[in-house]
Amino acid sequence: MEQTQLTRGQFLQKLGLSSGALMAFYCMGTGLTSCLSSGGDDPKPGGTNTPGTGSGTTSGAVKGTTSGAGIDFTIDLTNADYSKLKTSGEFGYVANIIIANTGSGYVALSKLCTHQGSTISYRNDSKDFRCPTHGSEFNQDGTVKLSPATQSLQVFKTELQNSGNTLRVSA
Ligand code: FES
């Protein structure tokens, strides 16, 4: 039997996902397993339950600049892909940024560990961030809590807008 190799995009397309959903997958990158889908939400292809959003270029819910020097974007927290961020203890990723709801506000940091670049995750029990590869830990202000990492993570500003339904993240 001949086996045809599919690209990731082709595979996802075979699953019937829209381009918007595909983009969401790509944006999640390596943090997919610990991303916002942990609670079993099933994002609807094309963002059909997203009120008032048209043709988003990132995933429909994220608008603005998510990479480079001028990072400044908003997240629609009413969108199914990101609504979990309204819950204390939840976290997610946009491009190379991890965003956590610590219960006392939002923290946004570079998701890339300064040791060797693995994707960090948020730990709600200790209110900090941990890299799974070699165990580095980071405080909410990005500083190193536990080596081997020695450099701080970049910190981004967060601001809730639109009665708490929009989160702005900026450099
Ligand atoms: S890559 Fe994060 S601790 Fe080594």
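Student: How do β2 and β11 pair?
Tutor: They are antiparallel, over five bridges. Strands are DSSP runs of E, at least two residues, numbered from the N terminus. Two strands pair if DSSP finds at least two bridges between them. This is a predicted model: local features need pLDDT of at least 70, side-chain atom pairs count only at pLDDT 80 or more, and totals for chains, interfaces and linings use all residues. Residues are numbered from 1 along each chain as its sequence is written, and side-chain values use heavy atoms, without hydrogens and water.

Student: What stands opposite I75?
Tutor: L167, in β11.

Student: And the sheet, what is the strand order?
Tutor: β1-β2-β11-β10-β5-β4-β3, seven strands in an open, antiparallel sheet. β1 (62–65) and β3 (91–94) are the edges; each has a single partner strand, so one side of each lacks a neighbour in the sheet.

Student: Switching topic. Which residues have the most contacts inside the largest nonpolar core?
Tutor: F73, I75 and I99, in a core of 16 residues. Such a core is a set of buried Ala, Val, Leu, Ile, Met, Phe, Trp, Tyr and Cys residues joined through side-chain atoms within 4.5 Å. Buried means under 20% relative accessible area (1.4 Å probe, protein chains only).

Student: Which strands supply it?
Tutor: β2, β4, β5 and β11 each give at least two residues.

Student: What is the mean pLDDT?
Tutor: 78, and 65% of residues reach 70 or more. pLDDT is the predictor's confidence in each residue, from 0 to 100. Over residues 37–57 it stays under 50. Where pLDDT is low, the predicted coordinates should not be read in detail.

Technical notes: Buried < 20%, exposed > 50% of the residue type's maximum accessible area, 1.4 Å probe, protein only. Helix = DSSP H or I, 4+ residues; strand = E, 2+ residues; numbered from the N terminus. Contact = heavy atoms within 4.5 Å.
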